[in-house]
Amino acid sequence: MDSEMMFWGADFVKINDIYLRFIMNNNPKIKMKKVLLIVCFIAGFGMAMAQEETTFTDEDLTKYATVMVWAGIEKGKMTEIYNGWIRDNEILDAIRYREIKQAEDDSVKLQEIAVTLIELDAYNRIKMQHDSIMSSFISVLKAEIKETIGKGLYKELKKVLKSDVDVKARYKVIYDGLMDEQGLDEDETED
């Protein structure tokens, strides 16, 4: 067994020695081969990355835009509901609600602004309602994305829209057209 270990050990040392001689060799021909090998590797990697770029059809962009317009409309409705809860609250006005929201996780700040238990309870009820409708919205949005666009296409488009100016311009035209059909301004919804 020891002789077998010595055989493999000697083999490893020999391979390691050849590898080190190749890497550390100062021969100009070998250096040139290394440089060419690295250049070829980088060029091949770049071509592989370029082939991964996906083109999106107008139908893909329309599906995405349709969901984003719907989501923007729903967010607008939720904002109105949320603002109504704050506006109609008998204990908190909007300014006081905002103060509590800014100090929410900091007990020192809550003490500084002298929040009463009644105000904190009112704030927590509104926040709980808001969290509930947001949770429902996110569930419905995920289902809508899955059914209308598909999860993979959604993720690809979302990523590409951040970096590809041409795709973003095509998307914007489609999005604006759908917004016009809905009779909405871009300021009324967010994409």
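**Notebook: charges on a helical model**

I started with Glu74, which is partly exposed, with a relative accessible area of 21%. This is a predicted model, and I kept that in mind throughout.

Next I looked for the partner of Glu74. Its side chain meets that of Lys77 in a salt bridge, 3.3 Å from N to O. Both residues sit in helix α3, 3 residues apart, about one turn of the helix. I checked Lys77 as well: it is partly exposed, at 47% relative accessible area.

**Overall fold**

I then stepped back to the whole protein. I found 8 helices and 0 strands. Of the 191 residues, 24% count as buried. The accessible surface comes to about 14,500 Å², and 59% of that belongs to carbon and sulfur atoms. I also looked at contacts with a separation of 6 or more; residues 24 or more positions apart account for 63% of them.

**Other salt bridges**

My search of the whole structure gave 9 salt bridges.

Glu99 and Arg96 meet at 3.0 Å, N to O. They are 3 residues apart in helix α4 (residues 94–103), so about one helical turn separates them. Arg96 counts as buried because its relative accessibility is 14%, and the cut-off is under 20%. Glu99 is partly exposed at 33%.

Asp121 pairs with Arg125, with the closest N and O atoms 3.1 Å apart. Both lie in helix α6, 4 residues apart, again about one turn of the helix. Asp121 is partly exposed at 40% relative accessibility. Arg125 is partly exposed at 41%.

Which side chain of opposite charge is nearest to Asp60? I looked it up: it is Lys63, 4.9 Å away. Asp60 is buried yet has no salt bridge. A salt bridge needs nitrogen and oxygen within 4 Å. Asp60 belongs to helix α3 (residues 58–88). Leaving out residues up to four places away in sequence, Asp60 touches Leu153 and Leu157.

**Positive patch**

I went over the surface next. Lys142, Lys146, Lys151 and Lys155 form a positive patch. Helices α6 (117–149) and α7 (151–163) each give two or more residues to this patch. I picked out Lys146, which lies in α6 and is exposed, with a relative accessible area of 63%.

Last, I checked Ala114. Its phi is near 55°, a positive value in a residue other than glycine. Most residues other than glycine have a negative phi. I placed Ala114 in the loop between α5 (107–112) and α6.

Technical notes:
Residues numbered from 1 in each chain as written. Predicted model: local features only at pLDDT ≥ 70, side-chain atom pairs only at ≥ 80, totals over all residues. Heavy atoms only, no water. Patch = residues over 30% accessible without salt bridge, like charges linked within 9 Å, V, L, I, M, F, W, Y side chains within 5 Å. Areas by Shrake-Rupley, 256 points an atom, 1.4 Å probe, with all protein chains shown as cover. Lys, Arg positive; Asp, Glu negative; His and termini not counted. Charge placed at Lys NZ, Arg CZ, Asp CG, Glu CD. Buried < 20%, exposed > 50% of the residue type's maximum accessible area, 1.4 Å probe, protein only. Contact = heavy atoms within 4.5 Å.
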